[in-house]
Each structure stands twice: as structure tokens, then as C-alpha cells.
Amino acid sequence: YDPIEDEMFYAEKNNGAYLNNKRIRVSSCQKIKSAVFGTGIPYRKKDHSGVYIETLRALMDARCGSIRRLGAAALDLAYVSCGRLDGYFHNKINIWDVAAGVLIIREAGGKVNDINKFDMNSINIRASNNNIYNKMLENLKNF
């Protein structure tokens with residue numbers, strides 16, 4: 001729930017994703033150079049800053065449309081699910097920050113990497129629509 005916008009994002013497995021009781025779908029963006037990505041910025045020790053900068057560089061070198069930092073992973077993932085963002089990536093995030101968003105994106109027709117194979121306190125998440133997902137992964141494969 002986003003109280004500022006009075007928006008409720010939700011999904012039920014095999015029953016779709018919704019925003020305020022209206023069905024939602026991920027964007028139909030076809031190319032990385034047109035895509036707008038969301039991400040999070042490390043705020044603790046500077047131990048992740050180098051990797052973060054290199055991750056940004058990888059997508060910027062691919063000439064993506066833009067990268068935004070909104071400040072809440074759950075809301076970023078909700079925005080991917082309704083097409084406001086075309087993709088989302090974040091390194092070393094906690095499961096509770098992304099678990100609901102993973103289901104919502106999948107039910108909205110998007111793709112998310114398998115977060116089950118990561119430590120629950122150190123997940124590298126990648127999410128987008130089906131059109132740019134593989135290209136996004138290719139650009140972020142070293143991170």
C-alpha cells in the first residue's frame with residue numbers, strides 16, 4: 001500500500017495482479033535503450049558502493065533510457081508490475097523487501113530471477129517485462 005497515492009497493489013497466485021481493484025500488466029517496452037529502470041542505493045558501509053557504481057555503469061553503457069531511485073524496493077517492484085518502470089535491479093537486499101513484489105510482477109506478466117537460491121538477507125534481484133529481461137540480465141551478469 002502506498003499511502004501517499006492511496007494505491008493498493010496486490011496479487012494472488014494464478015489470479016493476476018491488481019492496483020486498486022483494476023488488473024495491471026508490466027510494460028511492453030521492447031528495447032533497453034527505451035527502458036526506465038528502478039534501483040536502490042546502498043546506504044550502509046561503503047562495502048557495496050563499488051559494485052553498485054559498476055552495476056549502474058553496465059546499464060548506462062547499454063544506453064538504457066533512464067535509471068531512477070525511488071527509495072522503497074516494494075514500491076519499485078509494484079511500479080514494474082503496472083508498467084511505470086520497465087525493470088528493477090538491486091544487490092544485497094533482504095527477502096522481506098522483495099517477496100510480495102516478486103509475486104505481483106509475475107502475476108502481472110513479468111519475469112523475476114529465482115530469489116530462492118540466495119541467502120534471505122543478501123538477494124540480488126532482477127525484474128522486468130519479458131521483452132527486455134534477458135538483455136537486462138546480460139548487462140548485469142557480472143554483478
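Contact here means heavy atoms within 4.5 Å. I am working from a predicted model.

**Entry: overall fold.** I find that residues 24 or more positions apart make up 66% of the contacts with a separation of 6 or more. I looked up the elements next: the protein has 4 helices and 8 strands. Along the sequence they run β-β-β-β-α-β-α-β-α-β-β-α.

**Entry: burial and surface.** I noted that 45% of the 143 residues count as buried. The accessible surface comes to about 8200 Å². Carbon and sulfur atoms hold 48% of that surface.

**Entry: the largest nonpolar core.** Which residues touch the most other members of this core? I found Phe9, Val98 and Ile125, out of 24 residues. Strand 2 (17-19), helix 2 (73-81), strand 6 (87-93), helix 3 (95-107) and strand 8 (123-128) each supply at least two residues. Helix 2 gives the most, with 5 residues.

I then followed Val98. Leaving aside neighbours within four places in sequence, Val98 is in contact with Ala73, Leu77, Ile93, Ile115, Ile123 and Ile125. Another core lies apart from the largest one. This other core has 13 residues, among them Ala35, Ala58, Met136 and Leu140.

Entry: In soluble globular proteins, nonpolar side chains tend to be buried together. I also checked the surface. Tyr1, Met8 and Tyr10 make a nonpolar patch of about 310 Å² there. Tyr1 sits in the segment before strand 1 (9-11). Is Tyr1 buried or exposed? Tyr1 counts as exposed because its relative accessibility is 56%, and exposed means over 50%.

Technical notes:
Residues are numbered from 1 along each chain as its sequence is written. This is a predicted model: local features need pLDDT of at least 70, side-chain atom pairs count only at pLDDT 80 or more; totals for chains, interfaces and linings use all residues. Side-chain values use heavy atoms; hydrogens and water are left out. Patches are made of residues with over 30% relative accessible area and no salt bridge: like charges are joined within 9 Å, nonpolar side chains (Val, Leu, Ile, Met, Phe, Trp, Tyr) within 5 Å. Accessible areas come from the Shrake-Rupley method with a 1.4 Å probe; for residues, only the protein chains shown count as cover. A salt bridge is a side-chain nitrogen of Lys or Arg within 4 Å of a carboxyl oxygen of Asp or Glu. Buried means under 20% relative accessible area, exposed over 50%, partly exposed in between (1.4 Å probe, protein chains only). A nonpolar core is a set of buried Ala, Val, Leu, Ile, Met, Phe, Trp, Tyr and Cys residues joined through side-chain atoms within 4.5 Å.
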